[in-house]
Amino acid sequence: MAAFVIRRLLQSVLVLWLMSLLVFVGVYAIGNPVDILINPQADQADIARAIAALGLDQPLWQQYLTFLRQALLGDLGKSFAYNIPALQLILERMPATLELALAAAAVAVLLGIPLGLWAGLAPDSWAGKLIMSGSILGFSLPTFWVGLLLIMLFAVELGWLPSGGRGPTSLLLGIPVSFLSWEGIRHLILPATNLALFKLSLIIRLTQAGTREALLQDYVKFARAKGLSNARVVGVHVLKNILIPIVTVIGLEFGSVIAFAIVTESIFGWPGMGKLIIDSINVLDRPVIVAYLLIVVSLFILINLAVDIVYSLLDPRVRLGGATD
Amino acid sequence: MAVRTARFALSCLVCVALSLAGALSAVAAELRIGLAADVTSLDPHFLNVAPNNDAAWHIFDALVHVDANARLIPGLAVSWRAINPTTWEFKLRKGVKFHDGSDFTAEDVIFSLERPATLAASPGPFSGFVKAIVAKKIIDPWTLQLKTAVPYAMLPYDLDSIFIVSKKAAAGASTEDFNSGKAAIGTGPYKLLRFARGDRIELARNDAYWGGKSPWDKVTLRILPADTARIAALLAGDVDAIESIPTADLTRLKANPNFRLEQKVSWRTMLLHMDQYRDHPPHLADKAGKPLAKNPFKDARVRLAISKAINRKAIVERVMEGNAIAAGNLVSPPVFGHVAALKAESYDPQAAKQLLAAAGFPDGFALTLDAPNDRYVNDEQIAQAVAQMLARIGIRIKVETMPASVYFAKARAGDFSFALLGWGSFSGDLALRALVATQNAATGYGAWNWGHYSNPKLDALLEQDFATLNDDKREALACEAATLALKDTPVILLHHQLASWAMKKSLTYAARTDEYTFARDFRPR
């Protein structure tokens, strides 16, 4: 297991390096932030001076080497537009995005697995049919449209919930969170629901399909013949066996929830990383773009690793590579 | 509606200990504004972009301010005059105090004029506004003399862009010190309470403000860049006013009895640049794809033909849904140097065709029109409309649009032969200098003259203009220069857009040509 983890981490370093190179070259090819941000009255000399002051007049390889040297010392550079370290900027926004993503994942899992089980156990009941057709809607409706609809209904028409923004935050273990106050939860409900919708449908469908398949398996019949209670058959024998694909999906989807909460964040004015990266791409704020993508890639790597480890815990037959070699 | 707002505002109060009565009176004097772009920093000398300046204007003042019509008015300087051709004398306002209670003095001005140059690593530095100053002299605590190397009329204009910070608070301060509020000590109408980056800025009234008391005890600037989020927040009563309303929503908001709309012609002019320097500009050929013998844009008749082929009224009414006015000037009507006699070119496709034929292009030609798609109001649609109109006189146009981040780098590299640009200037001569004066890196002329139009007479007139320290004489020169240049159709002028604000029915706003959103200009009715 340790060998497996170490090998995976070494691979990740290579991935991160490649990633930084790609983004660096990509942003360089597009242009530079001075062309976008310079004051319209500025003359040619002002523009040249600003470009030189940011080091953007140097050849690409030199800029990249400077970046690499500093990155190895843990410094990903200062944001051009914010004038503070890019890493600090992203870490400052991260709690908001993580809170939103976790809330959405919680909604998806806590609702999705029971609903999916129900639909799987009673596929022909009206409730089962309703759940399954509802999940099709969750799949097919675009996030931004559902988000707007939620705002129009619950904020504008009914006035029950705020239209956007994050509620007041308080510190939990030094991290600013908003779910500890009622006002914070009110702000969280709509964006979390919106972000959860797709994941919820996915989990419902996976759980339902897995349940129906598992119910036909011999071990379930055997468990029933043994006279186990229905709760134990479903809760232990069925559920544990169908969890592997669900865990994979939750894991992968959690990464994408964090990385792609952008749509929900901008519709609901949620001050997370997604909003930051959009703004940064618009002004070609390279240090922020590079740092953001490096962090997101790291998150994906870590989540995948965690998923692999959870597999082996859920199913003892799964051996992590390295242990069997 | 009112009940809902009160309920929301109440639940917003973090301090539950406040009595209900106290809470309600606090609600009455709070203003919440939804801003359309992110404020990256509260350091007023770091990045010169409109959203940052907008926030800074709430906290800081400059020596010279501009009014709603983009004309100069006294700020921290009560008056200014040129005592000789290269020396400007500014009389400072007496009795002004910074937010920390300390006195505003000439020392703070000197410090503020010197600070931008120390923040060189910025993609949009302020240093260009002070580079003309070669020497500064304090005559007495309320009199300051600034020397320039050559006679320079634009110094008061430049000083509108330099915010005055407190020397005591800002000496050695970093951007973070401004963001945290430690160094954000100004003389402006509001004091900074809290800056939550990417989310909101909270301000409290400065009771000692020299420019009169603001009606709002507390102001919250919410950052809501997504149009839908901003409008939803207004409709839901989560904010009291918003800026920058998309064209499609203007009609809807106008019809809604709960809201008021304030509009004013913006200083931004939409125009098209044409390549007038290369013999074979990129993406320009005859309709069969064969290169043309000469560059048609070098012929003033072709440029005029294009101008005549554009139906500005249709663009204003259809594309902009009435939220623009057709342009015959580089600057919009209230701005210094606008020539009322210069009218928008009238739509005349017949005359345009004749002009094209006379210039030797009876069959027209084919080219690409480039435009950004996320920078100006309806930029992509404007380009499409122009393409269709030019098709009627035989000029076949392919429209290519791209995000501003890609667009401006390509434009600067000379990749375009026909391209859309939006331009805001608070004086006509500045616009002429940037857009149509002959490109010259040494003098700074023609920095945005993508088409390389060149007219030595215009350059000479502009040089004379910028050396004329008397405003009336200078405006006459600026108007003469504009008339001279525009006769040649150096660029195709389209329209001036209207800036819009939407607010609750109970508020009014003194709409501004410079598009800034200032809390102090909102008033309860």
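What follows is a short chat about reading a predicted model with chains A and B.

Biologist: What should I know about the model before we start?

Modeller: It's predicted, so local features need pLDDT of at least 70 and side-chain atom pairs count only at pLDDT 80 or more, while totals for chains, interfaces and linings use all residues. Residues are numbered from 1 along each chain as its sequence is written, and chains are lettered from A and ligands numbered from 1 in the order in which they are written.

Biologist: At what angle do helix H12 and helix H13 of chain A pack?

Modeller: Helices here are DSSP runs of H or I with at least four residues, and strands are E runs of at least two, numbered from the N terminus. Axes are lines fitted to C-alpha atoms, for helices over the stretch in contact, and angles run from 0 to 180 degrees between N-to-C directions. In chain A, H12 (273–282) and H13 (286–314) pack at about 140°, axes 9 Å apart. That angle makes H12(A) oblique to H13(A); under 35 degrees counts as roughly parallel, over 145 as roughly antiparallel, 65 to 115 as roughly perpendicular and the rest as oblique.

Biologist: Which residues make that contact?

Modeller: Residues are in contact if their C-beta atoms, placed from the backbone, lie within 7 Å. H12(A) brings Met273(A), Leu276(A), Ile277(A), Ser280(A) and Ile281(A), and H13(A) answers with Val288(A), Ile289(A) and Tyr292(A).

Biologist: How many residues of chain A are in contact with chain B?

Modeller: 51 residues of chain A, facing 49 of chain B. Among the elements giving two or more residues on the chain A side are helix H5 (86–121), helix H7 (143–157) and H12.

Biologist: Now chain B. In what order do the four strands of the open sheet come?

Modeller: Strands pair if DSSP finds at least two bridges between them. The order in chain B is S5-S6-S8-S7, with antiparallel pairing. Strand S5 (77–84) and strand S7 (133–140) of chain B sit at the edges, each pairing on one side only. On average, neighbouring strands are turned by 20° against each other, direction ignored.

Biologist: How many bridges join S7(B) to strand S8 of chain B?

Modeller: Six, and the two strands run antiparallel. For one of the partners, look at Lys137(B), which bridges to Gln145(B) in S8(B). Helix H4 (106–118) of chain B packs on this sheet, touching strand S6 (87–92), S7 and S8 of chain B, and its direction makes about 170° with that of S7(B).

Terms used
Contact = placed C-beta atoms within 7 Å.
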